[in-house]
Amino acid sequence: METLEQIKGRVEAAVPGASLEIVPNDNPAGQRSLLVDNAHALAVARLLRDDPSLRLDYASNVTGIDWLDKVVQEKRKVKQVIEGVEREIEETIEHKKPGCLEVVYHLYSMELKHGPVILRLRTVNRADNARVPSLTPVWRGAEFQEREAYDLYGITFEGHPDLRRILMWDEFKDFPMRKDYVEPEDYEYEPTPHDQLLEKARRHYPS
Amino acid sequence: MDEGLRSELSKQGVFTTSLEELYNWGRKNSIWPLGFGLACCAIEMMAASMARWDLARFGAEVFRPSPRQADLMIVAGTVTKKMAPQVVRLYNQMPEPKYVIAMGACAISGGPFKQGYNVLKGIDRYIPVDVHIPGCPPRPEALLHAFMTLQRKIDEQALTGAQRPRHLVAEAPSEFPVPEYGEHDLEPANNPAVWQPPTLVRGA
């Protein structure tokens, strides 16, 4: 199979306007992935499926990731005049990095027996605009898995044929896999609580 | 009846009994379970009913496909919050007298999913449970043991007096409230008439 750089170059040439980004991976597996912009995701997916040298005809796994808003601290050296002497001091700048929800597709080719190629789509934010285009029209097998991501992460897949909750009941309002999910207080007893659980037990049964 | 006289009579070939004993003897030897399972514990339950462990030796081989004909509900497996109302409804549809065995870690406490958001932390939060079996899953022998425990329990039930079973108490509820699907959890989260959170005082 071609390298990710080659795929990226070819896709960008074939789909006008599409901007792909290779997401690096620092861990020992080193499995990099392609971040696709939402506007062209469907066209890119079709190309990956139909291209004769790729033929990624099988979406084996669709999953979600919750990236919280975070404050990034950046240190940089600034020259300042203090008491008439110019000195270099370190200054910390904090800027907010907005969070988002991410969908990850693992693609394989049954026909050419290669893969995986990993696609990522990101929503604009975690609240009112948690939308990505659905890739179910391209890979039919993604239907239930996208429903699951909708159910547990609250990602709205635009163009999905039947977007309903799949595991939790329809009346349920929360998204349990989000990092800021607060679970109901129905905990009662644990024989040997430790760490986080110990905190929970203390809150429940103040001694 | 005097025990000594009774054993004396039985040596002479005269069998004496009371209506209570006869009634309980009949009931305990024909407990028909409801044929339903929720997870992997159900596989052990099936094994217990097949030739090797043979639940038929205890008169319980007839797994009924309808709650209307069942005496015993074996809650075999993880009860998710989504499934809990249906389990309670099935229990409500069984005729009295009815018994419940909670089989396995999940059914008695939530088991390995206790800290999760989607699993009911024990079916005893909604319906009265007669026998709890720990294990993940419990072996068929454990189910047989639970079964014999239940038989002993039925055998010892007095039909009159304050200790009489629920089905002979006119004021006892015949139906248990089925929980509703709420926005964050089941509503109510437990049936206070059946289960209260334990009051536990931890040492400092």
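**Strand pairing, fold and helix packing in the predicted model**

Strand S4 (residues 70-82) of chain A pairs with S5(A) in the antiparallel sense over 13 bridges; two strands are taken to pair if DSSP finds at least two bridges between them. Helices (H or I, at least four residues) and strands (E, at least two) are DSSP runs, numbered from the N terminus. The structure is a predicted model, in which local features need pLDDT of at least 70, side-chain atom pairs count only at pLDDT 80 or more, and totals for chains, interfaces and linings use all residues. Residues are numbered from 1 along each chain as its sequence is written, while chains are lettered from A and ligands numbered from 1 in the order in which they are written.

Within this pairing, Glu88(A) in S5(A) is the bridge partner of Lys79(A). The hairpin of S4(A) and S5(A) has two residues between the strands, and Glu83(A) there takes a positive phi near 50°. Of the 13 residues of strand S5 (residues 85-97) of chain A, zero are buried, so the strand lies largely in the open. Here a residue is buried if 20 or more other C-beta atoms, placed from the backbone, lie within 10 Å of its own, exposed if 12 or fewer, and partly exposed in between.

Chain A as a whole contains four helices and nine strands, in the order α-β-β-α-β-β-β-β-β-β-α-β-α from the N terminus on. Of its 207 residues, 24% count as buried. The C-alpha trace of chain A spans about 65 × 65 × 35 Å along its principal axes. Its radius of gyration is 23 Å, whereas a compact globule of 207 residues would have a value near 17 Å.

Ser33(A) lies in strand S2 (residues 33-36) of chain A and is partly exposed, with 19 other C-beta atoms within 10 Å. Leaving aside residues up to four places away in sequence, Ser33(A) touches Val23(A), Ile118(A), Leu119(A) and Arg120(A), contact being defined by C-beta atoms, placed from the backbone, within 7 Å. The C-alpha atoms of Ser33(A) and His106(A) are separated by 9.3 Å, although the two residues are 73 apart along the chain.

In chain B, the axes of helix H3 (residues 41-49) and helix H6 (residues 140-155) come within 8 Å and cross at roughly 75°. H3(B) and H6(B) are therefore roughly perpendicular to each other (65 to 115 degrees). Glu44(B), Met45(B), Ala47(B) and Ala48(B) in H3(B) meet Pro140(B), Leu143(B) and Leu144(B) in H6(B).

Notes: Axes fitted to C-alpha atoms, helices over the stretch in contact; angles between N-to-C directions. Parallel < 35°, antiparallel > 145°, perpendicular 65-115°, else oblique. Contact = placed C-beta atoms within 7 Å. Rg over C-alpha atoms; globule rule 2.2 N^0.38 Å.
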